[in-house]
Amino acid sequence: MSIRLGSVPAVVVSSPEVAEIFLKTHDVVFASRPKFQVLQSIYNGKMGIAFTEYGPYWRSLRKFCNQQLFTASKIESFAPSRKEVLTHFIESLKEAAAAKEVVNISKKVGNLNAKMILNMILGPVKKYEEFNLKEIIEELLYMVGVFNLADFVPFLGAFDLQGLKARTRILGEKLDKALETIINDHQQQKLDDFISTMLTELNKQINPNGDIMDRNCIKAITIDMIVASLDTSTAPLEWALLELIKHPRYLDMVVKETLRLYPVTPMLIPRDSMEDIVIDGCYIPKKSRVIVNVWAIGKDPNVWSNNVEEFFPKRFVNRNIELHGHDFKLIPFGSGCRLCPGRKLALITVKLILAQLVHCFDWELPGGMSPNELDMTEKFSSMLPRKNNLCAKPIYRM
Ligand code: HEM
């Protein structure tokens, strides 16, 4: 489907076949990203990875991430830290179980996931709690998700009709203050986290074009990593736990079915095209926006048969559908050269937390509620979070 969003031509992709044409056959043509006006002041003029246009700068950063940050050995080296955080978490749930308390699982799981992933990105997260990074990132995500007139009718940007510019400036200042402290700390004491790894390249040239990994570049990548990891992994955890309470067992299939029905980024991250192209007789001009509607693909009866609305993990039995961007029926992490580099880390964290939650505890809903009465309302955002927190009573059974 082709539409116009203000002055920007746009294409909405809503079937696996067409997604494959855009994200595989013509991957590089559509591998750029649009400029989001709200992000310009947040990133101090130096972009990170996720929202950066395709080119030598993005390619060098992406290569650095793949070779230094998301390697299997780096992810594995944080296993003891994940285990430690998880042990504390299980202990606190055991206390709640002994006291027969209902717990706010959404909040608890959100904090647990944040600790696990931020430990890897920033190191000693407890020390940085005063900056309230989670709250700042939530506000940032809201602003990236909100429909900003200036992204589609650029001359309106000067008027800041929605007050977004002013809000982002304040947000940018808060983030910068936090990141300055964090980077200064890491310069005093070398650790094994992402920031320390990036600092080994500080002020070095990253490609023959003369791009430098300077302080602002490290800050921008760090913001990208925090934004890309916090709510992304928490949202499927909440949805999956809710479904596991209804249908205990089958972890792998539950995670796939969760990401089919509740894709964290329902429209992926928009792509921008870099040249004119004709696809299936349809002319798509350079600088068109491409929005891949994975939410619609996940609910298409032609792809998944008639029970699309039903949470039915068994649909994956004997079907070799993986989550790594090759099977266009299920691409919650995107595909092609912009495929999510954090997907393996995300899947390890989500499965580890879920496995512990259902292995050690039975879950009882408050006030004798039955699982079918659970509130399944979704909330508007660039992610797909649950509208209301999930609360339940843990019953320790080990
Ligand atoms: C369940 C959790 C997650 C989901 C569903 C998810 C999904 C996505 C999607 C859909 C994209 C865009 C892909 C495209 O344009 O084709 C993306 C990009 C990205 N993700 Fe994730 N993500 C998750 C977790 C993470 C984590 C834990 C990290 C890092 C710690 C991360 C880092 C990134 C980065 C840096 C990009 C930008 C890649 C680029 O533009 O080159 N993600 N993610």
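Good morning. I begin with Trp-295, which is buried because 20 other C-beta atoms lie within 10 Å. Here a residue counts as buried if 20 or more other C-beta atoms lie within 10 Å of its own, as exposed if 12 or fewer do, and as partly exposed in between, with C-beta atoms placed from the backbone.

Two remarks on the source are needed. This is a predicted model, in which local features need pLDDT of at least 70, side-chain atom pairs count only at pLDDT 80 or more, and totals for chains, interfaces and linings use all residues. Residues are numbered from 1 along each chain as its sequence is written.

Trp-295 belongs to helix H13. Helices (H or I, at least four residues) and strands (E, at least two) are DSSP runs, numbered from the N terminus. Leaving out residues up to four places away in sequence, Trp-295 touches Pro-263 and Pro-266; two residues are in contact if their C-beta atoms, placed from the backbone, lie within 7 Å. Between Trp-295 and Pro-266 there is a separation of 29 residues in sequence, yet their C-alpha atoms are 4.8 Å apart in space.

Next comes helix H12, residues 251–261, which is mostly covered, with 8 of its 11 residues buried. Among them are Lys-256, Glu-257 and Arg-260. Which helices do the buried residues of H12 pack against? They pack against H11, H13 (294–298) and H15.

H11 and H15 also meet one another. The axes of H11 (residues 215–246) and H15 (residues 343–360) come within 10 Å and cross at roughly 35 degrees. Axes are lines fitted to C-alpha atoms, for helices over the stretch in contact, and angles run from 0 to 180 degrees between N-to-C directions. On the H11 side the contact includes Pro-236, Leu-237 and Leu-241, and on the H15 side it includes Val-350, Ile-353 and Leu-357. By class, this contact of H11 with H15 has 11 nonpolar, 3 polar and no charged residues. Ala, Val, Leu, Ile, Met, Phe, Trp, Tyr, Cys and Pro count as nonpolar, Asp, Glu, Lys and Arg as charged, and the others, Gly among them, as polar.

I turn to the ligand. Of the 26 residues around the ligand, Ala-228, Ser-229, Gly-334, Cys-340 and Gly-342 come nearest; a residue is near if its C-beta atom, placed from the backbone, lies within 6 Å. H11 and H15 each supply at least two residues of this shell, and H11 gives the most, with 7 residues. The shell has 16 nonpolar, 7 polar and 3 charged residues.

Cys-340 lies in the loop between helix H14 (301–304) and H15. Is Cys-340 buried or exposed? Cys-340 counts as buried because it has 25 C-beta neighbours inside 10 Å. Apart from neighbours within four places in sequence, Cys-340 is in contact with Phe-333 and Gly-334. An unreviewed UniProt entry places the feature "binding site" at Cys-340.

Finally, two loop residues. Leu-268, in the loop between H12 and strand E4 (271–272), has a positive phi of about 50 degrees although it is not a glycine. Asp-280, in the loop between strand E5 (277–279) and strand E6 (282–284), is also not a glycine, and its phi is positive at about 55 degrees. Leu-268 is buried, with 24 other C-beta atoms within 10 Å, whereas Asp-280 is exposed, with 8. Thank you.

Definitions and conventions. UniProt positions renumbered as here; feature names shortened; annotations may be inferred.
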